[in-house]
Amino acid sequence: MIKNYLKIAWRNLIHNRVSSMINIGGLAVGMAVAMLIGLWVWDELAFDKYHQNYGGIAQVMENQQLGDDIGTQGSKPMPLANELRTKYGENFKYVAAATFGDQVIAVDNKPVTKFGAFVEPDFPVMMTIKMLQGNRASLKDPSSVLISAPLAKTLFGNADPMNKIIKAGDSFTLKVSGVYQDLPKNTTFSDVTYLAPLDLLFKGNDGKTDWHSSSLEMYIQLNPNHTFEAASVKIKNALYENTKSATKPALFLYQMSRWHLFSDFKNGINTGGRIQFVWLFGIIGCFVLILACINFMNLSTAWSEKRGKEVGIRKAIGSMRSQLIGQFFSESILIAGLAFLFSLVIVQVALPVFNDIAGKQVAILWANPMFWMLCTGFSLFTGIVAGSYPAFYLSSFQPVKVLKGTFKAGKYAAVPRKALIVLQFTVSIILIIGTIVVFRQIQFAKDRPIGYSRNNLITIPLNNDFQSHYSALQNDLLKSGAISLMSESSSATTNISSGADNLAWKGKDPNRQAAFGTISSSADYGKTIGWKIKEGRDFSAQFTTDSAAFIFNEAAIKQMGLKNPIGETIRWHGKNFTVIGVVKNMIMRSPFDPAVPTVFMMNRERDFNVINIRLNPAMGTERALNIIGGIFKTYSPAAPFDYKFVDQEYAVKFANEERIGKLASCFAGLAIFISCLGLFGMASFMAEQRIKEIGVRKVLGATIFNLWQLLSKDFVLLVIIALLIASPTAYYFMHNWLQGYQYRTEINWWIFAIAAAGAMAITLLTVSYQGIKAALANPVKSLKSE
């Protein structure tokens, strides 16, 4: 019986080629989108599960009281690690501090810049780093280093890297004590290429007992039978008891299972993060698949009258309704199975592009039995859902009426089909509006004044060679004509790497705490980056008093409540500093957030990390970089000429939103394509259903435009209804999404107008082919007897 069902199903597919192609094509695209989104969601939910101790690892975080708000941050002082190990050791199996960053790694004077970490010995054990050579515990040797397999290949080629000597930065000579497997892309530490002992950064006891220098990240692994909640309560005051800070820091444990998907904190509360996109794309995947199923249901029911006699004859010769239902389900499952096979091809072809857009490395799990079980169940479910309505609807025909030719579909038979078309276009229009709003938000942030000039501005890491010969280096570069300005600073203009919360000034409310970003620089910093002085003056090397001077940005002055800031005295670390200037706000962190209150100071001790260079606009960029690189090599031959364009670094800040926007636009386009496929099929059905009516109207003098209008107006009305539903729905969801950004665009009326015009144009283009084709047909052929 099943063989017979499939044979008849195949014959029907071949007989109705156009309808079958639309059904299989639409379902295949819908399944492919759902599969791609499913792989993306799986990758997101599996983030960091590479680590065997995933469920027991956490980062030590703290909430600070900052005025009326509570701020959350992860930087910790070194002595806290020992405090957690000794005083609270019963809660933790491992405690490890770490700091991450770029480092110049060299072998035989061949340097490369790589991202890595200086960690305590328990870190690789806690994170279950998979060793290819050596062992995790070898970091207890302060002269050892663990390197990733790709870095070993880069440094040593095919030679055995074990016990080989490498140089890290200017100060550290290390022996390779182990090689570990490269960490997967979907882990927090995927970019880490080396692990070196943290003790290297602390000379003797310097810094190990300083509770006021928070520059490390701290991780713990719970002991069995302990909970994060209970341990968080116990360590809550561990930092405050040793610092007595006015910000009243309260420690808590931030579980690894929440790092990736729940990374946002607002007023001390973990409010969400990428999990919203997991839900968003999961819902989009379901809707796109539903749209494809709607096409199948619509076309199957629409063409039901053609199969009415088949159903009538089958029932007349004894077929039971359950057998007919089985027949129609077999057809829908066959279509779903074929669509699934085509969807696999589509996914395999689309994966490279999808991974590039999504920033992932997902792949079809060909060898995973669970994948095939899920896909088989997925196809069966899709076939049953898509074929349910046609199966029960077609099998309900009464044989007497069908065979006598008196069967009518009914006055309201088309209502479900029209409702499903409205649903299709409602979803498509919501996706169109959402995509426009996402790109508007990105562009709004890009157009935001940033307070300095990014053009022709580059940054270069500052090493000991450059720092010790800075004046000579600066003179040589200026003489070369390749640069116009140069300065040093503690961090690049696209980041603020340090802060302070203990500034005091006249009129400060003792009950309100204020946090500031801090940037130390040389005298020419402001001129080099092109900041804008609002009040007062810039730093100057001619004024020796400027080493005890501050320049604030507008956000800092507003936070302090100073009406006339120039000349005010600020107390910090027991010293007095004079305010000499106020600059326009500079966007140095997220372009979607308000400017960080920042204090700039001229550091004559030259404790800097970055060289800022303004390229000479009169010279070509490539030529200028070649000249600069050559001069840098003369002062530090072993260091790579590692420069970064500030405008490119700033553009990276938009990467996440742009990625979401591109994915949303792709899914919106596919949703519209699937909707158009269904619309095309329905237009074809209506044109054939009304072929005699069209013939009569044409004989009586109707023009092609009249006939096109006749066939198009019903679909236009459905799209208008979809617009009326989609517009307020899209506004509600996108308005809520924008609330997550403090610096955000508005949802203007023209966005809905563009979506409406686009949906209407797509509809008319889709149905016009069938409408005009029917209008141009010879009425003699349509009116002659069957």
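Good morning. I begin with Asn 186, which is found in the loop between β9 (172-180) and β10 (194-197). Please keep in mind throughout that this is a predicted model.

Is Asn 186 buried or exposed? Its relative accessibility is 15%. Because the cut-off for a buried residue is under 20%, Asn 186 counts as buried. Which residues does Asn 186 touch, leaving aside those up to four places away in sequence? They are Asp 43, Ala 46, Phe 47 and Asp 48.

The chain has 786 residues, and 50% of them count as buried. Its secondary structure comprises 25 helices and 26 strands. Considering contacts with a separation of 6 or more, 78% are accounted for by residues 24 or more positions apart.

I turn next to the surface. Trp 279, Ile 283, Phe 287, Ile 290 and Leu 423 make a nonpolar surface patch of about 480 Å². Which element gives the most to this patch? Helix α9, residues 275-302, does so, with four residues. Phe 287 has its place in that helix. With a relative accessibility of 34%, Phe 287 counts as partly exposed, whereas Asn 186, at 15%, counts as buried.

My last topic is strand β19, which spans residues 516-521. Why may β19 be described as largely enclosed by the rest of the structure? The reason is that six of its six residues are buried. Both faces of the strand are covered. On one side, Phe 516, Thr 518 and Ser 520 are buried; on the other, Gly 517, Ile 519 and Ser 521 are buried as well.

How does β19 pair with other strands? With strand β17, residues 499-500, β19 pairs in the antiparallel sense over two bridges. Here Gly 499 has Gly 517 in β19 as its bridge partner. With strand β24, residues 598-602, β19 pairs in the parallel sense over five bridges. In this pairing, Ile 519 stands opposite Phe 600 in β24.

To close, I return to two residues of β19. Gly 517 is the bridge partner of Gly 499, and Ile 519 stands opposite Phe 600. Gly 517 and Ile 519 are both buried, on one side of the strand. Thank you for your attention.

Technical notes. Residues numbered from 1 in each chain as written. Predicted model: local features only at pLDDT ≥ 70, side-chain atom pairs only at ≥ 80, totals over all residues. Heavy atoms only, no water. Buried < 20%, exposed > 50% of the residue type's maximum accessible area, 1.4 Å probe, protein only. Contact = heavy atoms within 4.5 Å. Patch = residues over 30% accessible without salt bridge, like charges linked within 9 Å, V, L, I, M, F, W, Y side chains within 5 Å. Areas by Shrake-Rupley, 256 points an atom, 1.4 Å probe, with all protein chains shown as cover. Salt bridge = Lys/Arg side-chain N within 4 Å of Asp/Glu carboxyl O. Pairing = 2+ DSSP bridges.
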